[in-house]
Amino acid sequence: MGSNNTRIRGAAIDLLFHEGPMTVLTLRDALQTQGGNRVVPSQQRITALLSRTLQVEVVGSVKVQTHNGWENQTLYDLNRTVIHSLADVELTTPYSHLSPALKEQTCRCTECMLIRLIAEGEQTCLFCQRL
């Protein structure tokens, strides 16, 4: 289950980086058309994954017409103040979501004291540098 969540989280972050802000339903449709996932998760599961990811933030809401009226849906996007390129995605990934090979390259940030993947020659993580 954990590796499937990692694949879905990675694909969702990649889609948000290239496509911009999306609702959960449009993100789910994009994941389904993109392929590569054994099972496309439900709307509730994608919402739970995105809300636990520090790289993704809520940027607003959109009114969408449903079968029984209008509904407000949350727009999710990457934290664009911290993530400027695809290389930044790996540097902002939390320690618990890193692969074992990348966990060996981590060290503790001197400002926030969290264990992060930090670029060579730096003492602070990307969040502390850009926020």
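What is the volume of the largest pocket? The largest pocket has a volume of about 220 Å³, in a model that is predicted.

**View 1. The largest pocket and its lining.** On a 1 Å grid over the protein atoms alone, a pocket is an open set of points where a 1.4 Å probe fits, with protein on both sides within 12 Å along at least five of seven lines, and lining residues have an atom within 4 Å of a point. The lining consists of 13 residues, and T6, G10, V89, T93 and H97 lie nearest the centre of the pocket. Two or more residues of this lining come from each of the elements α1 and α4, and α1 gives the most, with five residues. By type, the lining divides into four nonpolar, six polar and three charged residues.

View 2. D88 has its place in helix α4, residues 86-91, where helices are DSSP runs (H or I) of at least four residues. D88 counts as buried because its relative accessibility is 8%, buried meaning under 20% with a 1.4 Å probe and protein chains only. Apart from neighbours within four places in sequence, D88 is in contact (heavy atoms within 4.5 Å) with V82, I83, L126 and R130.

**View 3. Confidence along the chain.** The mean pLDDT, the predictor's confidence in each residue from 0 to 100, is 92 for the protein, and 98% of its residues reach 70 or more.

**Notes.** Residues are numbered from 1 along each chain as its sequence is written, and side-chain values use heavy atoms, with hydrogens and water left out. In this predicted model, local features need pLDDT of at least 70 and side-chain atom pairs count only at pLDDT 80 or more, while totals for chains, interfaces and linings use all residues.

Technical notes. Buried means under 20% relative accessible area, exposed over 50%, partly exposed in between (1.4 Å probe, protein chains only). Grid points are joined across faces, edges and corners, and a volume is the space filled by probe spheres set on the points. Ala, Val, Leu, Ile, Met, Phe, Trp, Tyr, Cys and Pro count as nonpolar, Asp, Glu, Lys and Arg as charged, and the others, Gly among them, as polar.
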